[in-house]
Amino acid sequence: MKESSTVTSVGGAEIPALLSVSPSPHIHHPDTTRTVMLDVIFALIPAALWGVYIFGLRVLWVILVSVVSAVLAEAITQKLLRRPVTVADCSAALTGLLLALNLPATVPLWMCAIGSAFAIIVVKQLFGGIGKNFVNPALAARVFLFAWPESMSFFTAPGARLGLFDFSVKADGVDVVSTATPLASLKTGIIPEVSIFDLAFGEVGGCIGEVSAILLIAGGIYLLVRRVITWHIPVAYLGTVALVTFLFPQGGAGATFMLMELFSGGLMLGAFFMATDYTTSPITPAGRLIFGVGCGLLTVLIRYFGGYNEGVSFAILIMNTLVWYLDRFTRPRVFGGGKNGKK
């Protein structure tokens with residue numbers, strides 16, 4: 001019989017590993033922060049490539065500048081704060097990619113760098129680093145970049161592809177063909193002149209990574225199969241938006257308006273990839289369901305009555321601030337034990 005592996009005790013005597021008790025945790029999962037982040041990045045690649053196909057090669061610069069700026073900002077900040085440099089876990093790269101997919105293809109590249117730096121330095125590292133930020137860094141950076149509303153609201157028409165060396169893009173309609181997004185029409189109660197098929201597959205204007213709902217759903221299913229995320233938040237989020245827009249449409253038939261709302265804007269990107277962020281979402285199943293319903297209600301309210309056409313970013317950020325209360329409200333009841341007389 002093969003001898004079991006051994007460890008060395010304090011006194012120098014070797015004892016079988018089976019009899020050695022190490023500090024908890026005693027069960028180790030093969031997934032790490034790096035593998036989880038890589039899974040999410042992999043799930044986003046199809047939507048990113050579709051954005052390159054629809055809007056042109058300039059999209060590659062937007063993604064590259066956003067990702068590199070995020071990684072550099074994390075490394076430099078951690079060095080200055082004398083923390084271990086953890087860029088190898090790919091969390092900063094994922095933040096940069098998510099930010100890029102939430103930007104128009106025409107956005108100035110310096111805005112990509114500023115947004116990534118804001119996401120990493122202000123929203124993430126100043127609060128202690130990964131796992132300690134209370135709002136989603138990429139979404140917070142996107143909202144921050146609305147300080148330049150013209151650049152954040154200038155969308156390229158599908159098929160009017162920008163070249164790889166179009167570093168500067170004018171917003172006067174001379175260099176590129178601009179277009180209104182479907183959400184702009186839906187907000188006024190007018191059904192846009194695009195088919196559900198075009199909305200689902202991404203033949204519309206919008207931000208880089210939000211135009212192909214089908215590819216985003218496919219990426220979300222991949223994350224569900226890999227157990228990176230659970231079904232609670234996406235189902236509650238999308239189900240709430242579907243129900244409210246079906247019962248209270250602003251224009252056209254309820255079913256048509258509902259599908260238009262579901263496939264337009266950043267709803268799929270937010271529901272599968274940003275509302276499900278571990279750090280900024282509840283840990284209990286009941287809390288996740290309430291979180292998703294809240295995101296859905298706020299998204300519809302902002303789309304209907306807010307100043308911006310899109311409400312996903314604001315809805316998720318608002319619900320991020322309520323996560324602590326949701327976890328406290330939905331925490332499991334502990335049975336057994338007795339009162340110790342302390343408050």
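Predicted model: local features only at pLDDT ≥ 70, side-chain atom pairs only at ≥ 80, totals over all residues.

Start by selecting Tyr304, which counts as buried because its relative accessibility is 13%, under the 20% cut-off. Tyr304 and Phe305 form an edge-to-face aromatic pair, with 6.1 Å from centre to centre and 80 degrees between the planes.

Then pick Trp110, Phe118, Phe144 and Trp148, which ring pairs link into a cluster.

Next stop, the core. Which residues have the most contacts inside the largest nonpolar core? Select Leu44, Tyr237 and Phe273 to see them; the core itself has 81 residues. Helix α1, residues 33-55, gives the most to this core, with 11 residues.

Stay on Tyr237 for a moment and show what surrounds it. Skipping neighbours within four places in sequence, Tyr237 is in contact with a list of residues that includes Leu267, Gly270, Ala271 and Ala275. Also among the contacts of Tyr237 are Gly292, Cys295, Gly296, Thr299, Val312, Ala315 and Ile316.

On to a pair of helices. Colour α2 (residues 58-80) and α3 (residues 91-101): their axes come within 8 Å and cross at roughly 145 degrees. The crossing of α2 and α3 is right-handed. To see where they meet, show Val62, Ile63, Ser66, Val67, Ala70, Val71 and Glu74 on the α2 side. On the α3 side, show Ser91, Ala92, Ala93, Gly96, Leu97 and Ala100. The residues of this contact divide into 9 nonpolar, 3 polar and 1 charged.

Last, head for the loop between α7 (182-187) and α8 (196-201), where you'll find Ile190. Is Ile190 buried or exposed? Ile190 counts as exposed, at 51% relative accessibility, because the cut-off is over 50%. Now select Gly251 as well and check the C-alpha atoms: Ile190 and Gly251 are 61 residues apart in sequence, but 5.8 Å apart in space.

Notes
Residues numbered from 1 in each chain as written. Heavy atoms only, no water. Axes fitted to C-alpha atoms, helices over the stretch in contact; angles between N-to-C directions. Helix = DSSP H or I, 4+ residues; strand = E, 2+ residues; numbered from the N terminus. Left-handed = near helix turned anticlockwise from the far one by under 90°. Contact = heavy atoms within 4.5 Å. Nonpolar A, V, L, I, M, F, W, Y, C, P; charged D, E, K, R; others polar. Phe/Tyr/Trp six-rings, centres within 6.5 Å; stacked < 30°, edge-to-face > 60°. Buried < 20%, exposed > 50% of the residue type's maximum accessible area, 1.4 Å probe, protein only. Core = buried A, V, L, I, M, F, W, Y, C linked by side-chain atoms within 4.5 Å.
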